[in-house]
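Have the viewer open as you read.

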Amino acid sequence: MTGSRFAVRRVVSLVPSLTEAVAATAPGLLVGATDWCSHPADLAVVRIGGTKNPDVPAIAALAPDLVIANEEENRPQDLDALRAAGLRVLVTEVRTLDQAFAELERVLVEGCGAPRPGWLDAARSAWREVAAPPVTRLAVVPIWRRPWMVLGRDTFAGDLLARLGVAHAYAGHQERYPRVPVEELRASGADLVVLPDEPYRFTADDGPEAFPGLPAALVSGRHLTWYGPSLAEAPEVIGRALRAARP
């Protein structure tokens, strides 16, 4: 039995994570997605701009039954414009792993009217099997450079890292993604730098050199920051990257 009170046959997604989640669960529903929605690789839907600058008239022209969004990824003024165009908008909030699981079920089952997907149970199981380790490492986790920005308080990626035994140095910062000069990052007392490949594409040649003397873990941004089917692989993928960075 499906959970939606509405007949949902056409969905536009403004969030790459949720695009992949819907595509893996009920692919026939998707009619539009952002330019940043890169998974699945063969996704064939109308592209409606970016997460921060969606083309509202183009979305309205697709006549979706539901637009799915996120309070962090999408701007309130764009969501208001979609509602003013008469569209139903479901806005998610994801700042912890448990919240991600709850919101995925809300989007897929209650929002889209799809059956609960097996991959969601597999993801829950994968994280349930992670032994709760003591926090043994302190990391700085940049998400951008020029200017440098890092994980701050109350973030989904920070929660995932904590479950794998890694605290991050700015978890108590008043901002969620503070701008911090690199000199301050180097002096933070961290014994590890975690460098995801999105939103900024850190690589072995672009990022580690800014933190001389610190082991660098190059991690998949999709596994660290996306909430969707990748969650089933995330404990192993992220864990492997962290283990490879041991001094």
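## The largest pocket

Which residues lie nearest the centre of the largest pocket? They're Thr51, Glu73, Glu198, Pro199 and Thr225, out of 23 residues in the lining. Keep in mind that this is a predicted model. The elements giving two or more residues to that lining are α1 (16-25), β7 (142-144) and α6 (156-163).

As for volume, the largest pocket holds about 880 Å³ of space. Sort its lining by class and you get 13 nonpolar, six polar and four charged residues.

## The second largest pocket

Next up is the second largest pocket, with about 210 Å³ of space. It has 16 lining residues, and Leu164, Gly239, Leu242, Arg243 and Arg246 sit closest to its centre.

Helix α9 (residues 234-244) supplies the largest share of this lining, with five residues.

## Helix α5, inside and out

Now for helix α5 (residues 118-128), where the buried residues are Trp119, Leu120, Ala123, Ala126 and Trp127. Look down the axis of α5 and these buried residues fall within an arc of 120 degrees, so they line one face of the helix. On the face turned away from that buried side, you'll find Gly118 and Arg128, both exposed.

What covers the buried residues of α5? The cover includes α1, α4 (97-111), α6 and α9.

Technical notes:
Residues numbered from 1 in each chain as written. Predicted model: local features only at pLDDT ≥ 70, side-chain atom pairs only at ≥ 80, totals over all residues. Heavy atoms only, no water. 1 Å grid on protein atoms, 1.4 Å probe; cavity = no way out; pocket = protein on both sides within 12 Å on 5 of 7 lines; lining within 4 Å. Points joined across faces, edges and corners; volume = space filled by probe spheres on them. Helix = DSSP H or I, 4+ residues; strand = E, 2+ residues; numbered from the N terminus. Nonpolar A, V, L, I, M, F, W, Y, C, P; charged D, E, K, R; others polar. Buried < 20%, exposed > 50% of the residue type's maximum accessible area, 1.4 Å probe, protein only. Arc of directions from axis to C-beta. Contact = heavy atoms within 4.5 Å.
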